[in-house]
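Colleague: I'm new to this one, could you walk me through its charged pairs?
Modeller: Gladly, let me bring it up.
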Amino acid sequence: MPSLDHVDLELIAALADDPRTTVVSLAERLHLSRNTVQARMARLDGSGVFQSFERSLSTTALGFPLEAYISVGVRQAKLPQITTEMARIPEIVQAHGMSGQTDLMTFVACRDARHLFDVDARILSIEGVERTETSLVMSEAVPYRVSGLMGLAKRNN
């Protein structure tokens with residue numbers, strides 16, 4: 001992962017403000033040439049700074065209004081096979097490896113409680129999964145954001 005200079009951070013901040021902005025717009029806003037913006041974006045993308053370009057969509061709008069976190073306990077030796085199998089379950093929106101009592105934390109979206117029960121059963125049926133615990137999402141208190149971190153990063157440069 002490259003270290004980010006002030007121009008990189010300004011570029012990332014501009015993209016965070018308006019993810020649909022064009023390269024030309026970014027160049028004008030940052031007082032850089034179009035080629036410089038394109039080159040920096042290519043370098044940032046190639047080095048893993050940008051995560052998925054998949055649009056962030058409402059699971060409710062897609063017909064899956066019930067969201068939950070399912071913590072999963074596994075036999076560690078089976079972890080690679082378990083994550084491969086979990087990636088085949090479309091209701092699993094995201095999963096993270098964890099330290100502590102929970103080995104994997106999954107975020108799932110379902111149509112209703114029965115659907116959630118079925119998703120949990122599919123996870124439990126994966127060889128090497130030992131236990132699950134489900135917590136329903138009641139509301140989003142703080143949405144995903146990195147703008148605060150960008151402010152801290154700018155101060156450190």
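Modeller: A salt bridge here is a side-chain nitrogen of Lys or Arg within 4 Å of a carboxyl oxygen of Asp or Glu. Please keep in mind that this is a predicted model.
Colleague: Is D8 buried or exposed?
Modeller: D8 counts as buried, because its relative accessibility is 1%, and R40 counts as buried too, at 19%, since the cut-off for buried is under 20%.
Colleague: Which other residue forms a salt bridge with D8?
Modeller: R43 does, with the closest N and O atoms 2.7 Å apart. D8 lies in helix 1 and R43 in helix 3, so this pair ties together parts that are 35 residues apart in sequence. R43 is partly exposed, with a relative accessible area of 34%.
Colleague: Changing topic, what about E127, where is its partner K78?
Modeller: K78 is in the loop between strand 1 (66-74) and helix 4 (79-86), while E127 is in the loop between helix 5 (113-124) and strand 4 (129-136), 49 residues apart. Their closest N and O atoms are 3.1 Å apart; E127 counts as exposed at 56% relative accessibility, whereas K78 is partly exposed at 24%.
Colleague: And which residues are joined into one network?
Modeller: D5, D8, R40 and R43 are, through salt bridges that share partners.

Technical notes:
Residues are numbered from 1 along each chain as its sequence is written. This is a predicted model: local features need pLDDT of at least 70, side-chain atom pairs count only at pLDDT 80 or more; totals for chains, interfaces and linings use all residues. Side-chain values use heavy atoms; hydrogens and water are left out. Buried means under 20% relative accessible area, exposed over 50%, partly exposed in between (1.4 Å probe, protein chains only). Helices (H or I, at least four residues) and strands (E, at least two) are DSSP runs, numbered from the N terminus.
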